[in-house]
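Please open the predicted model in your viewer and keep the selection tool at hand.

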Amino acid sequence: MIPVAIDAIAADHIRSLIQNGVREGRTIEYKQSLPGTSDGDKKEFLADISSFANASGGDLIYGVTADNGVPKEIKGLSPFDADKDVLRLDSTIRDGVQPRILGLRTHAVTGLDEGPVLVVRV
């Protein structure tokens with residue numbers, strides 16, 4: 001998990017994950033793109049969310065590629081409509097996970113040349 005409040009996560013925090021080779025683990029996972037709308041994509045997304053919720057929480061970071069769990073490159077999300085995409089993900093979680101997960105937050109990180117990155121904190 002990025003060790004700052006989710007609303008304080010900035011482009012430099014994302015860059016430092018790559019520079020320092022912060023591996024995926026119990027509290028952080030990298031995804032190149034947002035989950036799609038197919039049942040399989042939703043199922044995988046909900047499994048990631050549930051996994052963090054059933055453990056100690058964590059950050060799903062969308063828009064970053066990883067190789068064997070090590071972040072390699074910021075790809076950014078394109079196209080990305082923060083309001084629409086966050087609403088879709090929130091709806092998927094609300095409809096697909098019981099009991100409801102409290103404290104789930106999202107934050108779009110802008111200011112990256114590659115495009116925005118989305119952090120979902122569980």
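Which side chain does a polar contact of 3.0 Å join to that of Lys-31? Select Lys-31, in strand β1, together with Asp-48: the polar contact joins the side chains of these two residues. The pair also qualifies as a salt bridge, with the closest N and O atoms 3.0 Å apart. It links distant parts of the chain, since Asp-48 belongs to helix α2 and Lys-31 to strand β1, 17 residues apart. Both residues are buried; for Lys-31 the relative accessible area is 15%.

Now select helix α2, residues 39–54. Its 16 residues reach 22 Å from the first C-alpha to the last. Colour Phe-45, Leu-46, Asp-48, Ile-49 and Phe-52, which are buried. Viewed down the axis of α2, the buried residues fall within an arc of 155°, so they line one face of the helix. They pack against β1, β2, α3 and β6. The face turned away from this buried side carries the exposed residues Asp-39, Lys-43 and Asn-54.

Finally, select Arg-121 and Asp-59, whose side chains meet in a salt bridge of 2.7 Å, N to O. Arg-121 lies in strand β6 and Asp-59 in strand β2, so the pair ties together parts 62 residues apart in sequence. Arg-121 counts as buried at 12% relative accessibility, and Asp-59 at 0%.

Terms used:
Residues are numbered from 1 along each chain as its sequence is written. This is a predicted model: local features need pLDDT of at least 70, side-chain atom pairs count only at pLDDT 80 or more; totals for chains, interfaces and linings use all residues. Side-chain values use heavy atoms; hydrogens and water are left out. Helices (H or I, at least four residues) and strands (E, at least two) are DSSP runs, numbered from the N terminus. The expected span of a helix is 1.5 Å times one less than its number of residues. Buried means under 20% relative accessible area, exposed over 50%, partly exposed in between (1.4 Å probe, protein chains only). The arc is that of the directions from the helix axis to the C-beta atoms. Contact means heavy atoms within 4.5 Å. A polar contact is a pair of N or O atoms within 3.5 Å; within protein, one must be able to donate a hydrogen and the other to accept it, and residues adjacent in sequence count only if both atoms are side-chain atoms. A salt bridge is a side-chain nitrogen of Lys or Arg within 4 Å of a carboxyl oxygen of Asp or Glu.
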